[in-house]
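Student: Can we go through this chain together? I'd like the terms spelled out as we go.

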Amino acid sequence: ASATGEIPSFNGDAQAQATDFANYFCSYAQLYHQKQMLADHNRMAAYHAAILGNQDVFRDKVVMDIGTGSGILAVWAAQAGARKVYAIEYTAMAKHAQAVMK
């Protein structure tokens with residue numbers, strides 16, 4: 001929090017915001033963090049059901065998965081019939097997601 005008690009990502013000074021954003025992107029770039037999310041059965045089952053259970057929504061569409069992380073949601077969108085899927089990842093996790101796609 002800033003000197004006034006504000007959460008840096010909302011009302012902090014520029015340095016506090018930069019630090020918060022750097023910490024955010026560093027966290028999501030870690031394999032451990034991705035593994036934690038993938039191991040959350042309820043979370044993954046809900047995403048899987050939402051995507052593959054609504055194939056009519058995805059069929060022949062162009063899908064953009066921003067912050068793709070491991071790329072699993074992009075894979076499921078493709079399996080659901082998306083015509084084209086763009087999996088976008090800012091962190092170094094992109095290299096891992098690219099390997100999964102191959």
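Tutor: Contact here means heavy atoms within 4.5 Å. This is a predicted model, in which local features need pLDDT of at least 70 and side-chain atom pairs count only at pLDDT 80 or more, while totals for chains, interfaces and linings use all residues. Residues are numbered from 1 along each chain as its sequence is written, and side-chain values use heavy atoms, with hydrogens and water left out.

Student: OK. Leaving aside neighbours within four places in sequence, what is Lys 61 in contact with?

Tutor: With those neighbours set aside, Lys 61 touches Asp 56, Ala 82, Arg 83 and Lys 84. Lys 61 sits in the loop between H5 and S1. Helices (H or I, at least four residues) and strands (E, at least two) are DSSP runs, numbered from the N terminus.

Student: Moving on to S1. Which side chains point to which face?

Tutor: S1 covers residues 62-66, and its side chains alternate. Val 63 and Asp 65 point to one face and are buried.

Student: How many bridges join S1 to S2, and do the strands run parallel or antiparallel?

Tutor: Five bridges, and S1 and S2 (residues 84-88) run parallel. Two strands pair if DSSP finds at least two bridges between them. Met 64 has Tyr 86 as its bridge partner in S2, and Ile 66 stands opposite Ile 88.

Student: What do S1, H6 and S2 make?

Tutor: A right-handed β-α-β unit, with H6 spanning residues 72-79. Right-handed means that, with the strands pointing away from the viewer, the path from the first strand over the helix to the second runs clockwise.

Student: Now the helices. How do the axes of H4 and H6 cross?

Tutor: The axes of H4 (residues 41-52) and H6 come within 9 Å and cross at roughly 25°. That makes H4 roughly parallel to H6. Angles under 35 degrees count as roughly parallel, over 145 as roughly antiparallel, 65 to 115 as roughly perpendicular and the rest as oblique. Axes are lines fitted to C-alpha atoms, for helices over the stretch in contact, and angles run from 0 to 180 degrees between N-to-C directions.

Student: Which residues meet there?

Tutor: From H4, Met 44, Tyr 47, His 48, Ile 51 and Leu 52 meet Ile 72, Leu 73, Trp 76, Ala 77 and Gln 79 in H6.

Student: Last one: how many helices and strands are in the chain?

Tutor: Seven helices and two strands. Of the 102 residues, 24% count as buried.

How values were computed: Buried < 20%, exposed > 50% of the residue type's maximum accessible area, 1.4 Å probe, protein only.
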